[in-house]
Amino acid sequence: MFVEGSVKNGTLHGNLIIQGQGDPKLVVERLWLLLRRVQGLGISNIAGDIVLDRSAFETVAQDPAEFDGEPLRPYNAAPEPCC
């Protein structure tokens, strides 16, 4: 997690950047802990964007229909670095 900008009176005047690392166990409890870390930085409001940085994995061109012709099936989803 990275902060771009300054915090004044509990407001981040800038962006909060969260770098995904492909954690398959990102459950509500871990999201809550992440939010507590943000609050620990003195941030209660964000006057900017929440940016999800997906650069942890190199993206590879992939055709999700290549396996069985069903590109919208969940098992054909490509790996992606989620929060």
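## Model confidence

This is a predicted model. The protein chain has an average pLDDT of 88. A score of at least 70 is reached by 95% of the residues.

Strand β3 (residues 45–46) has the highest mean pLDDT, 97. Strand β4 (residues 50–53) has the lowest, 90.

## Nonpolar core

The largest nonpolar core holds six residues. They are L12, L16, I18, L34, V38 and I43. Two elements, β2 (11–19) and α1 (28–40), each give two or more residues to this core. The top contributor is β2, with three residues.

L16 belongs to this core. Its contacts, leaving aside neighbours within four places in sequence, include the core residue V38. L16 also touches M1, F2 and V3.

## Nonpolar surface patch

L26, L31 and L35 make a nonpolar surface patch. The patch covers about 240 Å².

L35 lies in helix α1. Its relative accessible area is 48%.

## K8 in strand β1

K8 sits in strand β1, which spans residues 2–8. Its relative accessible area is 52%. That value is over 50%, so K8 is classed as exposed.

K8 and I43 are 35 residues apart in sequence. In space, their C-alpha atoms are 8.6 Å apart. I43 is itself one of the residues of the largest nonpolar core.

Methods. Residues are numbered from 1 along each chain as its sequence is written. This is a predicted model: local features need pLDDT of at least 70, side-chain atom pairs count only at pLDDT 80 or more; totals for chains, interfaces and linings use all residues. Side-chain values use heavy atoms; hydrogens and water are left out. Helices (H or I, at least four residues) and strands (E, at least two) are DSSP runs, numbered from the N terminus. Buried means under 20% relative accessible area, exposed over 50%, partly exposed in between (1.4 Å probe, protein chains only). pLDDT is the predictor's confidence in each residue, from 0 to 100. A nonpolar core is a set of buried Ala, Val, Leu, Ile, Met, Phe, Trp, Tyr and Cys residues joined through side-chain atoms within 4.5 Å. Contact means heavy atoms within 4.5 Å. Patches are made of residues with over 30% relative accessible area and no salt bridge: like charges are joined within 9 Å, nonpolar side chains (Val, Leu, Ile, Met, Phe, Trp, Tyr) within 5 Å. Accessible areas come from the Shrake-Rupley method with a 1.4 Å probe; for residues, only the protein chains shown count as cover. A salt bridge is a side-chain nitrogen of Lys or Arg within 4 Å of a carboxyl oxygen of Asp or Glu.
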